[in-house]
Amino acid sequence: MIKESLLVSLLTLLDDSDQSVKVAAWDKLLELGDTAAEEMEQLLPELSANFDKGYLDSLLLELKLEIVLRRLKNYLDNPDPLLLDGLLLVSNALDLNLDKVKYLTIVQDIADEILLEISDNRTAIENMEIFNYIFFRRIGFKHEDDTVTIKENALITKVLESKKGNIFTIPICYFILARQSGLPVYPVIAGKSFTPAYLNSDDKPIFYINIYKNGIIFSKELTEPENPSRVGVDKALVSIYADHLNYLFKSINDKESSDIMERVLECFGNLRYIN
């Protein structure tokens with residue numbers, strides 16, 4: 001718990017004429033992280049006696065966003081981060097009050113249903129056929145926005161709830177649930193596109209999956225990409241998700257959301273996965 005006096009001191013220092021003092025005060029707030037944000041939110045009525053409420057509201061939003069962006073940078077520094085964690089961090093930048101547990105529970109409940117029916121005693125193709133049936137038929141995930149113009153179909157959190165997505169988010173949900181079910185399905189990236197592939201123990205594709213046709217399995221010998229291809233790590237899907245959101249927000253003139261996505265993409269630096 002942070003004392004009100006400390007918050008007042010830090011907020012006062014943020015208005016100091018010395019830039020180094022401002023930076024130090026802001027860094028201290030970021031170091032305190034969620035604790036500072038939560039205490040500041042609770043103490044808004046008291047703090048409003050000394051500071052303009054509009055200023056406090058704006059500062060609180062910026063603090064929460066910076067905390068999320070720091071977490072995203074730490075996520076990207078992890079050599080083997082979890083896919084869903086990264087996707088939720090990107091979504092969290094847009095919804096600063098996002099309930100992470102809610103979406104973890106949705107994913108785990110579906111994965112538990114899949115795990116009841118797939119088995120190590122089945123072949124890879126048999127398990128994928130079961131997975132596809134549950135994903136597309138029983139749960140009902142489907143594409144409803146091929147042009148990527150509907151915000152609700154672009155946010156992974158909304159898609160997990162509605163099961164309706166676009167050409168990016170339905171495949172990403174497919175990867176999330178495959179990963180959660182222990183199925184080694186990863187994106188094989190070539191040029192500006194990616195194709196889901198089932199990998200063997202050497203991380204080599206055994207077969208590919210057409211998500212746009214309810215998970216039809218096809219042979220890699222018949223469809224070897226002309227461009228050099230590579231298996232994408234989970235960070236690749238997080239990057240693709242953020243890029244696709246930025247594209248959508250720009251196309252619908254949602255400048256506020258696009259500006260946030262630009263800041264999210266800055267966390268990736270020069271690391272891009274779609275050429």
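Q: What joins the side chains of His 244 and Asn 166?
A: In this predicted model, the side chains of His 244 and Asn 166 are joined by a polar contact of 3.1 Å.

Q: Where is His 244, and is that residue buried or exposed?
A: His 244 lies in helix H11, and because its relative accessible area is 3%, His 244 counts as buried.

Q: What else does His 244 touch?
A: Leaving aside residues up to four places away in sequence, His 244 touches Val 148, Ala 154, Phe 168 and Thr 169 as well as Asn 166.

Q: And which residues does Asn 153 touch?
A: With residues up to four places away in sequence again left out, Asn 153 touches Glu 144, Asp 145, Val 159, Lys 164, Gly 165, Asn 166 and Thr 169. Asn 153 sits in the loop between strand S1 (142–145) and H9, and this loop residue is buried, with a relative accessible area of 8%.

Q: Changing topic, how is the chain divided into domains?
A: The domain assignment gives domain 1, covering 6–77, and domain 2, covering 83–268, and the C-alpha centres of domain 1 and domain 2 lie 34 Å apart.

Q: How many residues are in contact between domain 1 and domain 2?
A: On the domain 1 side there are twelve residues in contact with 15 residues of domain 2. The area buried between domain 1 and domain 2 is about 1,400 Å², and carbon and sulfur atoms give 74% of that area. Of the area that domain 1 buries against domain 2, Leu 72, Tyr 75 and Leu 76 supply 45%, which is more than any other three residues.

Q: How many salt bridges cross the interface of domain 1 and domain 2?
A: The rule finds two salt bridges across the interface of domain 1 and domain 2. Glu 62 forms a salt bridge with Arg 263, with the closest N and O atoms 2.7 Å apart, and Glu 62, Glu 66 and Arg 263 are linked in a network of salt bridges.

Q: How many salt bridges does the structure hold?
A: The structure holds 15 salt bridges, and one of them is formed by Lys 64 and Glu 41, whose closest N and O atoms are 3.2 Å apart. That pair links distant parts of the chain, since Lys 64 is in helix H5 and Glu 41 is in helix H3 (residues 34–42), 23 residues apart.

Q: Is Lys 64 buried or exposed?
A: Lys 64 counts as buried because its relative accessibility is 13%, whereas Glu 41 is partly exposed, with a relative accessible area of 38%.

Q: What about Arg 179, which residue does it form a salt bridge with?
A: Arg 179 forms a salt bridge with Asp 234, and the closest N and O atoms of the two are 2.5 Å apart. This pair also links distant parts of the chain, with Arg 179 in helix H10 and Asp 234 in helix H11, 55 residues apart.

Q: Why are Asp 259 and Lys 255 separated by about one helical turn?
A: Asp 259 and Lys 255 are four residues apart in helix H12, so about one helical turn separates them, and the salt bridge that they form has its closest N and O atoms 2.8 Å apart.

Q: Back to helices, how many residues of H6 are buried?
A: Helix H6 (residues 83–94) is mostly covered, with ten of its twelve residues buried. What covers the buried residues of H6 includes helices H5, H7, H9, H10, H11 and H12.

Technical notes
Residues are numbered from 1 along each chain as its sequence is written. This is a predicted model: local features need pLDDT of at least 70, side-chain atom pairs count only at pLDDT 80 or more; totals for chains, interfaces and linings use all residues. Side-chain values use heavy atoms; hydrogens and water are left out. Buried means under 20% relative accessible area, exposed over 50%, partly exposed in between (1.4 Å probe, protein chains only). Helices (H or I, at least four residues) and strands (E, at least two) are DSSP runs, numbered from the N terminus. Contact means heavy atoms within 4.5 Å. Domain bounds come from an automatic or database domain assignment. Buried area is the accessible area (1.4 Å probe) that two parts lose on being put together, summed over both. A salt bridge is a side-chain nitrogen of Lys or Arg within 4 Å of a carboxyl oxygen of Asp or Glu. A polar contact is a pair of N or O atoms within 3.5 Å; within protein, one must be able to donate a hydrogen and the other to accept it, and residues adjacent in sequence count only if both atoms are side-chain atoms.
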